[in-house]
Structure formats: C-alpha cells, structure tokens
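User: Hi! Could you walk me through the charged pairs and the helix packing in this one? I'll show it here.

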Amino acid sequence: MIPAPPKPNGPPVAVEARCVRLLAKADNPASLAPVVEQRTLSRALNELLIEVKAAAVNPSDVKAATGLMAYAVFPRTPGRDYAGVVIDGPADWIGREVFGSSGDLGIRRDGTHATHLQVETEAVVDKPRNISWEEAAGIGVPFVTAIEGFRRAGMPKQGDTVLVMGVNGKVGQAAVQIASWHGADVIGVVRKSEPYEGHANGKVEVIDASASDVAARVRELTEGKGADIVFNTVGDPYFQAAHKSLALRGRQILIAAVDRIVQFNILEFYRGQHTYVGIDTLALSSIATGAVLRELGPGFASGHLKPFPILPSAIYPLEQAKAAYVAVAGSSRDRVILRPA
C-alpha cells in the first residue's frame, strides 16, 4: 500500500489560554500575588503549540519571582518544566505526547504554568509512554541538572565512586539514579539520620553528617581512595567535606550556594589534581535542554531511571499557584505540580 502523503502544514492556530501571571517581583514568597489571565497564544513557524497537561514548580521559579534573578522579566508566565500534547505544528507532530524543560522558559520569557505553551520544535522530547503526565512534568530541572553535571565532569563508569551531598533532594536522587545506571558505586550524605528515599540501580551507602566525619567515612568505605566524583547539591556547607573526600584527580560538581565565599586550599587542590565544575541550567536554552533530556530517554525506557512519585496532595490547579509556590519555598520534599485542566 502506498502511504498517504503528509498533510500540508496550515497557518498557526490561535488559542485562548489561561496563564498564571506574575505582574511584578515580590519581596518574599508570602507576598507573591500571581493571577490567572486569559491570553491569546499562537506558535511561530519554528515552534509547536502544546496543550499543557502538567507543569512542575521548581525552586528557581520562586527565586525568579522574588527578585533573586536580575534578568527575570515582568510581567510573565512562570514555569520551566512541562508535559502535554502537541495541538499545532508540522503534521507529523500533531497529537504527540511530549515533555520538556528550559533555562529560559518562565524566566526570560513566558513559561509553562498555563493551559498552553509555545516552544521551539527542537526543544520538545517524546514523553515515555510508561509514565504519567505529572511524572513526566517532574523530570525536567532535577534530571537535567544531574546529567549536565556528569556530562561536564565526566560520566561515571563501572568502578567509580560517586559521593552525593544532599542525596535526598531531587537533584541528589537524580544524580544517584544516573550514577548507578552507569555502574558507579554511590555514597550519599544526609544532614540527619535517615535512609536514602529514591530509586537506585544498586546499594546506596548513606552517611549521616550529623554523626560522622564525612570525609573520614568516605575514605573508610573506599579503602583510602576517596570519591572520583562528588556531586555537591548543597554548596558551601559541604564544600570542605567534599574537598576532603576527593580521590586523586577527583571532580566536585557544584550547583548551589548558601554563602558565596568559602575557604579554598589551593595547595591541596593542585596536588590532588582536582577539578571543580559549576553547573547553571538557567544558562541552557530550551533547545539545549531538549538535547540533554534526549540522553535520558533510554534510561526511562529501560527502567534504570524512574520519575519522582507525585503525591495527590502536591498537585495544584492554576488558581492555587501561590500555594504551590509557597510550598516549594518552604523546602517541601514533594515534587510540586500544577495541573492546568
């Protein structure tokens, strides 16, 4: 049978979207005043128009709303992560279930906390069929941050030891999944006594930082060698412990800071032949982020990577966006999701 020729692409379709809008920066999360407005959206020729089924709320969304990112624009629709269905674009895209994330969506331009989203075609990734809309929307920023850190520092391999500071945070859990998927031995650090909470492809040894000398315990667990990679999701509070835990030619990945200035022993740094890698996913465009997410596809398809569980209590309608933002600002461990419909 001769296949039917592809349908020609029609002119862009306009939709009336309901969008969360931040009209001006707030002094703090409690004073945020998001509103839901009706806006007409249509795609550009290089874009897709997506009906958003779920969108995650990230700490960066709240930080940008409270003036901690000077380049954030106002007014705007926030939101970096999403999952949904393509409703307008090239014929072969119509109806496809997709997800994505971005460093600029919701910060420098309108984002995902809306019923509809327009985004570059190259930025969009097919949603794994075995996960829900909410789970797909929750993948974005944490997994992109984790794998981008490893891409820059060198992907873990069989026999490597990866130390994850802040192992029960979402980036920490994503780092554990990726490291153990690639065959590395994983050690996690927590600030109080608790087990590792996430998925892993092998045993995760956990160190309670409140009861142990982290670096000494790492040396003990690695027969004196230390960690080949330290993924420091917390920043300066763990900087020295991370530094002292590094193996010869070890790499420390940094993604966050509480205080900006740390003591830095240059002699130990160069004698240890160490590498420090800074990761800022806000610097990644939507298209660059899409390329990173595609690397994760085989892991989710095989089951080596699993999305974060989404609790019903952590799902909010657009009209309760402020409550969702406040929950994230309050250091909720839940992956918080907005469901537009």
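Analyst: Happy to. Let's start with what counts: a salt bridge here is a side-chain nitrogen of Lys or Arg within 4 Å of a carboxyl oxygen of Asp or Glu. Keep in mind that this is a predicted model.

User: Is arginine 21 buried or exposed?

Analyst: Arginine 21 is buried, because its relative accessible area is 4% and the cut-off for buried is under 20%.

User: Which residues are in the network of salt bridges with Arg21 and Asp110?

Analyst: Glu37 and Arg39 are linked with Arg21 and Asp110 in that network.

User: Nice. What does arginine 96 meet in a salt bridge?

Analyst: The side chain of arginine 96 meets that of aspartate 126, at 3.0 Å from N to O. Arginine 96 lies in the loop between strand S4 (82-88) and S5, and aspartate 126 in strand S7 (residues 125-126), so the pair ties together parts that are 30 residues apart in sequence. Arginine 96 is partly exposed, with a relative accessible area of 26%, and aspartate 126 is partly exposed too, at 40%.

User: And aspartate 160, what's its salt-bridge partner?

Analyst: That's lysine 157, with 3.4 Å between N and O. Aspartate 160 is buried, at 6% relative accessible area.

User: Switching to helices: at roughly what angle do H3 and H4 cross?

Analyst: Roughly 55°, with the axes of helix H3 (residues 140-153) and helix H4 (residues 170-181) coming within 8 Å. H3 and H4 are therefore oblique to each other.

User: Is the crossing left-handed or right-handed?

Analyst: H3 passes H4 in a right-handed crossing. On the H3 side, the contact includes Pro142, Phe143, Ile147 and Phe150. Among the H4 residues that take part are Lys170, Val171, Ala174 and Ile178.

User: How do the residues of that contact divide by type?

Analyst: The contact of H3 with H4 has 10 nonpolar residues, two polar and one charged.

Conventions
Residues numbered from 1 in each chain as written. Predicted model: local features only at pLDDT ≥ 70, side-chain atom pairs only at ≥ 80, totals over all residues. Heavy atoms only, no water. Buried < 20%, exposed > 50% of the residue type's maximum accessible area, 1.4 Å probe, protein only. Helix = DSSP H or I, 4+ residues; strand = E, 2+ residues; numbered from the N terminus. Axes fitted to C-alpha atoms, helices over the stretch in contact; angles between N-to-C directions. Parallel < 35°, antiparallel > 145°, perpendicular 65-115°, else oblique. Left-handed = near helix turned anticlockwise from the far one by under 90°. Contact = heavy atoms within 4.5 Å. Nonpolar A, V, L, I, M, F, W, Y, C, P; charged D, E, K, R; others polar.
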